[in-house]
Amino acid sequence: MDVTILARLQFAVTTIYHFFFVPLTLGLSVLVAIMETLYVRTNKDVYRKMTKFWGKLFIINFAMGVVTGIVQEFQFGMNWSEYSRFVGDIFGAPLAIEALAAFFLESTFLGIWIFGWDKLSKKQHASAMWLVAFASNLSALWILIANSFMQQPVGYVLNNGRAEMTDFFAVILNPNIWTQFPHVFISGLATGSFFILGISAYHLLRDKKFADMFTRSFQIAAAIGIIATIGVIMTGHSQAQHMVQTQPMKMAAAEALWESEDPAAMSLLTIGNEKERRDVFAIRIPSALSLLAYDQLTGEVRGINDLQAEYEQTYGPGDYVPPVAISYWSFRLMVGIGTLMLIAVGYALLLAMGEQLEEKPRFMKAFVWFIPLPFIAISSGWILTEVGRFPWIVFGLMKIDGATSPNVTPGMLLTTLIGFTLVYGVLMVADIYLLLKYAKNPEFTDIVEMESSAAPAVSIVGE
Amino acid sequence: MDLNILWFVLIAVLYIGFFVLEGFDFGVGILLPFLGKDDKNRRLIINTIGPHWDGNEVWLLTAGGATFAAFPHWYATFFSGFYLALFLLLLALIIRGVAFEFRSKDDHPKWRALWDWCIFIGSFLPALLLGVAFANLLRGVPIDDSMNYVGGFWNLLNPYALVGGLSSVALFTLHGAVYLSLKTSDDLMARSRKVANQLWLPAVILPGIFFVWTYFSPQGYARLGIDPGMIPLVAGAAMLLSGYFLRKKQEGWAFGMTAVSIIFAVATIFLMLFPRVMVSSLSETFSLTIYNASSSPYTLKVMSIIAITLVPIVLVYQGWSYWVFRQRLTHQSELEY
């Protein structure tokens, strides 16, 4: 196998794996911070228990996100040194800022939060979690600023055989980031909400021991979940519209749209022949794609053949068509699951408002099975975003071929690919084991034993 | 001072911060199987660095990110060149971080023993590999005219670099032992003191050999960037003083001295490199310098403003977190890990 394929495979494996943990960190940090703030405000013990219980699951998940994140920072240089040389002047900046502004804040205050229960005042302690939540999402912003340059390069000039930054504010105000970041931020909240809904439902169905805590958790998650899920769909919509403008080929591939159309129909189900670029079987909704792209029933959406011809003229001969089947199905999986999530969280809200959660209402069990949904949808979304950019590593500027490290051999890449996959596999088993253990047994978290010693924490200020 | 020099200094500062801070928590991890007689003791040992290890590790991430931003060619050459070494470093840091979080969340002895091994290997290996890597930076590695490393993995494991690696292991382990004697109490403190005293000699001799070797080798001193003058001697003097304070049972001072020693040792390495960042052993003209490896002046300017704003803030709140957890751990302490 050649280096490029192995390097791409390694990036896919390590990044998708890393991003199993990140959305839950992004969302759950905010949700735990909200719970602890409620505890500080109301002084009700149920919120303290919730903070402790969900906080414990947050920590188990967080550790995995942190350690797999280090690989992300190293592998641009390890596997993609030519890419790093070409974009380092621009791409390195947000990575460095991410570490300086976000990682320090996140790691220091999470340490303070985990170990500081009896060392800080309640307010200080809750503030520490807000700082963790802020920093986690800030780090997402900076890495997405870096990714946005790959999707839509701005604020640069080609000089000395590389892309050099000319306008820092153009780079951080990249139009792409303002559709992408809200989508990622809100999908984190949706992930956290579904996580809480599922585990709460499990306990509410099983026994009444912690009914107060899980009823309240379910209600909060349903309320935030419905807003987040609607938000994910809306921001996803604006991202799709932005994609039509800036990367029309990605949209054409996601829709298996071979020829340009006006008005453009949307595919409901297409079985296509990718080689000959034609449909074998297709059910399509007239005008729906124009509606998606422009919020009106007419408007041209460009097809794969047209764009291929145009790119050959602009960029020279070559293949500019991304893998259509992967783009098409990842798009459908993401949108389909998003729709299912909306229905599910709508039902959760109805249940939560009805205050009959302890009566074990119908379909309650389904929420346990819904926990993986956001994870699958998010991975599909990223697969579309990255695979759909083919053949570009930086759109219009640099192709994937030739971006890898010239001195890294297939054998080296295979070694690291196998190594990461094995270690990641074992860690995933351990992580899921612990998550299940603590999710199923709230008594393992020190919420019960703390009951007796729930005296107000002493402030260290003035000590 | 131009911005290229400023960024060279900043990256040196980030590595110094990393080695001083993560140095002792690597040391603590290395000492875990030797000082942790039973589970309670092992938990106490791990909890001394519990609130800090992750924040300490960010210094390395920031150094990596800053290298990427300020010297993209240095980043690209170093990371693609030291490929398998960095892969091992990554695996070590991965299992180590997860182990801290996971080991005490289940009380099966085999579960805990497994993660304890991960903490040991995950601390020992990075301490060794980073020493080997920095020794190779000094020694020079085969870099061709297109800035690519062409040496392979075994080339990095030369005797000189291995002595460098053992030096950093010895230094960090001592640093960690002194830290433990500062943060624990009773029997654990007594044993940490004892180990610190035992470790002191190798932590003087190994870096001493490394320094003398560097001084006399044609690859090292003869080609150095800036004459470091008295700076390595300060590092040596601090080491001697740390031994004195250890015998006096003044751990606070001893810890200060091992920290000073690490600061001046790393500073020596960076001075000897300057203005080069990767020395080519094939031809001096192939070496990467702070000029031919750097970002554009504009990017350096933007990043300078950001770094000079943020670094002091980071120092303040990280310092505060050490203040919050300044107390010694005792057998009565609540343990999270």
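## Two chains, helix by helix

From the N terminus on, the elements of chain B run α-α-α-α-α-α-α-α-α-α-β-β-α, where helices (H or I, at least four residues) and strands (E, at least two) are DSSP runs numbered from the N terminus. That comes to 11 helices and two strands in chain B, while chain A has 14 helices and six strands. This is a predicted model, in which local features need pLDDT of at least 70 and side-chain atom pairs count only at pLDDT 80 or more, whereas totals for chains, interfaces and linings use all residues. Residues are numbered from 1 along each chain as its sequence is written, chains are lettered from A and ligands numbered from 1 in the order in which they are written, and side-chain values use heavy atoms, with hydrogens and water left out.

**Chain B as a whole**

- With 11 helices and two strands, chain B has a radius of gyration of 20 Å, close to the 20 Å that the globule rule gives for 337 residues, so it is as compact as a globular protein of that length. The radius is taken over C-alpha atoms, and the globule rule is 2.2 Å times the number of residues to the power 0.38.
- Along the principal axes, the C-alpha atoms of chain B fill a box of roughly 60 × 35 × 35 Å.
- Of the 337 residues in chain B, 64% are buried; buried means under 20% relative accessible area, exposed over 50%, and partly exposed in between (1.4 Å probe, protein chains only).
- In chain B, 80% of the contacts with a separation of 6 or more are between residues 24 or more positions apart, a contact being heavy atoms within 4.5 Å.
- Chain B exposes about 12200 Å², and carbon and sulfur atoms supply 72% of it. Accessible areas come from the Shrake-Rupley method with a 1.4 Å probe; for residues, only the protein chains shown count as cover.
- The mean positions of the 22 positive and 20 negative charges of chain B are 8 Å apart. Here Lys and Arg count as positive and Asp and Glu as negative, with His and the chain ends not counted; the place of a charge is NZ of Lys, CZ of Arg, CG of Asp or CD of Glu.

**Chain A as a whole**

- Chain A, with its 14 helices and six strands, has a radius of gyration of 24 Å, close to the 23 Å that the globule rule gives for 463 residues, so it is as compact as a globular protein of that length.
- The C-alpha box of chain A, taken along the principal axes, is roughly 75 × 50 × 40 Å.
- Buried residues make up 61% of the 463 in chain A, and 78% of its contacts with a separation of 6 or more link residues 24 or more positions apart.
- About 17800 Å² of chain A is accessible surface, 66% of it belonging to carbon and sulfur atoms.
- In chain A, the mean positions of the 30 positive and 37 negative charges are 9 Å apart.

**Hairpins in chain A**

- Strands β1 (residues 156-159) and β2 (residues 162-165) of chain A pair in the antiparallel sense over four bridges; two strands pair if DSSP finds at least two bridges between them.
- Asn159(A) has Arg162(A) in β2(A) as its bridge partner.
- Asn160(A) sits in the loop between β1 and β2 of chain A, has a positive phi near 55°, and counts as exposed at 62% relative accessibility.
- Strands β3 (residues 266-273) and β4 (residues 278-285) of chain A also pair in the antiparallel sense, over seven bridges, with Ser267(A) opposite Arg284(A) in β4(A).
- Four residues lie between β3(A) and β4(A) in their hairpin, and Arg277(A) in the turn has a positive phi of about 50°.

**Two buried residues to look up**

- Gly92(A) lies in helix α3 (residues 81-115) of chain A and counts as buried at 0% relative accessibility.
- Leaving aside neighbours within four places in sequence, Gly92(A) is in contact with Val87(A), and across in chain B with Gly65(B), Phe68(B) and Ala69(B).
- Ile393(A), in strand β5 (residues 392-394) of chain A, is buried at 7% relative accessibility.
- Beyond four places in sequence, the contacts of Ile393(A) include Trp80(A), Tyr83(A) and Met150(A).

**Backbone details**

- A cis peptide bond, with omega about -5°, joins Asp262(A) and Pro263(A); Pro263(A) is in the loop between α8 (248-255) and β3 of chain A.
- The peptide bond from Phe274(B) to Pro275(B) is also cis, with omega near 0°, and Pro275(B) lies in the loop between α10 (251-273) and β1 (276-278) of chain B.
- Met147(B), in the loop between α6 (109-139) and α7 (159-183) of chain B, has a positive phi of about 70° although it is not a glycine, and is buried with a relative accessible area of 15%.
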